[in-house]
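Please work through the exercises below with the sequence and the model open side by side. Each task is followed by a solution that goes step by step.

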Amino acid sequence: MGKEITSRKEDYSQWYNDIILKAGLADYSAVRGCMVIKPYGFALWENMRDQLDKMFKETGHQNAYFPLFIPKSFLSKEAAHVEGFAKECAVVTHYRLMNDPDGNGIVVDPDAKLEEELIVRPTSETIIWNTYKTWIQSYRDLPVLVNQWCNVVRWEMRTRLFLRTTEFLWQEGHTAHATSQEAIDETIQMLNIYAEFAEEWMAMPVIKGIKSINERFAGAVDTYCIEALMQDGKALQSGTSHFLGQNFAKAFDVKFSDKENKLDYVWATSWGVSTRLIGALVMAHSDDDGLVLPPKIAPIQVVIVPIYKGDEQKQNIDEKVKVLLEDFKALGIRVKYDDDDNNRPGWKFAEYELKGVPVRIAVGARDLQNNSVEVARRDTREKKSVSIDGLANSVHVLLNDIQQNIYDKAKVFRDDNITKADTWEEFIKILDGKAGFVSAHWDGTAETEDKIKELSKATIRCIPLNNIKEEGKCILTGNPSRERVLFARAY
RNA sequence: CGGGGCGUAGCGUAGCCCGGUUAUCGCGCCACAUUUGGGAUGUGGAGGUCGCAAGUUCGAAUCUUGCCGCCCCGACCA
């Protein structure tokens with residue numbers, strides 16, 4: 001038989017890899033730690049990208065593009081920034097190859113050494129702020145609201161498909177503002193856009209919060225994030241929005257004159273989400289039969305499979321389906337008619353389930369007699385006979401219903417897996433048991449956070465934005481605490 | 001870089017301990033026929049540097065040594 005998927009319970013990592021490889025989202029590549037995104041996976045990314053891009057533009061942002069290479073000296077201008085990234089940078093040292101004098105193929109030409117090495121961007125703050133210096137002189141030049149869609153490289157020691165690859169695709173927004181408050185507002189606005197995208201488009205509930213100092217972005221004053229919960233009880237940071245204060249403006253000497261003709265450094269933000277979101281999508285919704293995609297971003301929302309004996313039946317079905325396809329497209333539904341004769345219906349059913357297509361419609365001679373079709377939904381595996389009259393409308397309603405149902409299911413799971421712990425014993429018991437988010441008191445120090453991480457492998461995912469103030473004692477040290485924070489083991 | 005495992009056809013594998021005909025099986029692939037309401041069946045066919053190199057031997061996928069590569073665990077991971 002075809003493509004068996006390892007059970008989620010048996011081996012979660014294997015299950016995750018199986019889904020990605022067998023649904024045709026991506027493949028391993030010849031380069032260690034890198035990944036080939038296949039057409040189906042890329043179509044999914046494009047849908048996500050287009051929606052995010054629309055949301056960015058609706059809030060006044062524009063796209064631009066900055067170079068892949070960053071001069072080494074730029075990276076070290078902001079102390080915390082270089083500290084955070086130095087250990088995972090790919091470095092270009094030469095610009096030419098030559099034939100090996102010993103005849104062993106091709107070698108790097110030692111005469112072609114670069115005077116200053118170039119870093120393949122792990123993120124673009126430095127090269128962008130070096131540019132902003134030339135763009136900004138006056139308050140009239142502000143705000144600068146720019147985003148770029150690009151690839152970045154971070155040489156991680158261990159990689160996982162979509163979640164952590166050496167090279168990945170993302171967007172990074174970099175904004176410059178006249179006041180601290182305006183920059184903070186921008187940071188929070190973008191966090192809200194990410195949360196809205198995750199919940200309404202990916203059907204994935206997230207917790208908005210702020211990072212502890214340990215988990216903060218290298219060079220930021222504050223890092224805001226959205227955190228999602230995966231089905232194995234581990235958390236996944238799904239997007240970040242940073243308030244950078246004046247750190248980069250000072251590092252790159254970006255000053256502006258305000259209305260009173262006073263000179264000040266500009267205030268900055270940066271924010272990003274990546275193809276990691278696809279990993280999140282896989283782990284949030286899929287089951288042992290394959291991927292489950294939310295209709296709003298599924299590359300194929302509806303697949304129609306004909307079932308027939310002989311050319312005559314096929315022609316009758318084709319005729320009927322032709323009308324249906326028009327109806328679907330008129331409602332903006334992404335539909336595919338799979339009448340490929342190489343595969344049998346059963347094979348197609350299994351294949352589209354694996355690919356997570358939300359709705360499947362089977363049309364056979366029997367259905368045409370009854371003026372109906374068989375409609376199957378991916379999320380619940382329910383099948384029922386539906387009248388051909390008004391089919392596009394009923395499918396449209398069904399797609400919305402599936403979107404909502406997937407979200408609700410993930411939300412219930414997430415809410416059931418936020419557990420309060422008041423003692424260290426409880427804390428460990430939850431992490432080793434059902435896992436998920438553990439809401440617990442912490443004394444607010446980096447030392448305690450480190451110690452907790454060392455002892456439990458759990459980190460502070462975030463301090464939720466809507467947190468209730470509550471007096472308590474740190475689960476590790478017993479020192480006083482003003483609020484609970486969310487801990488979890490994370491990807 | 002430390003601990004463990006693996007390398008045989010596109011993929012997954014048997015054989016290795018205990019050397020000996022033509023390297024096993026499944027999936028996939030190609031052709032033809034019959035099929036098509038949950039991953040079809042039959043018949044025929046193609047496809048192999050047994051990771052690489054050296055050694056032992058009459059003879060190596062199998063034994064020895066060295067090297068290379070991959071996976072898992074750890075270190076690392078805004």
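**Exercise 1.** How many bridges join β17 to strand β18, and in which sense do the two run, parallel or antiparallel?

*Solution.* Before starting, note that this is a predicted model, in which local features need pLDDT of at least 70 and side-chain atom pairs count only at pLDDT 80 or more, while totals for chains, interfaces and linings use all residues. Residues are numbered from 1 along each chain as its sequence is written, and chains are lettered from A and ligands numbered from 1 in the order in which they are written.

Step one is to find the elements, bearing in mind that helices (H or I, at least four residues) and strands (E, at least two) are DSSP runs numbered from the N terminus. Step two is the pairing, for which DSSP must find at least two bridges between the strands: β17 and β18 (residues 335-337) are joined by three bridges and run parallel, and V302 stands opposite V335 in β18.

**Exercise 2.** Describe the surface near RNA strand B, and say which element gives the largest share of it.

*Solution.* Step one: a residue is near the strand if its C-beta atom, placed from the backbone, lies within 6 Å of it, and of the 41 residues around RNA strand B, G84, G346, A350, G364 and R366 come nearest. Step two: the elements that give two or more residues include β19, α10 (345-354) and α11 (365-369), and the largest share, eight residues, comes from α10.

**Exercise 3.** Is I463 buried, partly exposed or exposed?

*Solution.* Step one: I463 lies in strand β24 (residues 459-464). Step two: 16 other C-beta atoms are found within 10 Å of I463, so this residue is partly exposed. Step three: leaving out residues up to four places away in sequence, I463 touches G209, I210, S212 and V485, where contact requires C-beta atoms, placed from the backbone, within 7 Å.

Notes. Buried ≥ 20, exposed ≤ 12 C-beta atoms within 10 Å, placed from the backbone. Contact = placed C-beta atoms within 7 Å.
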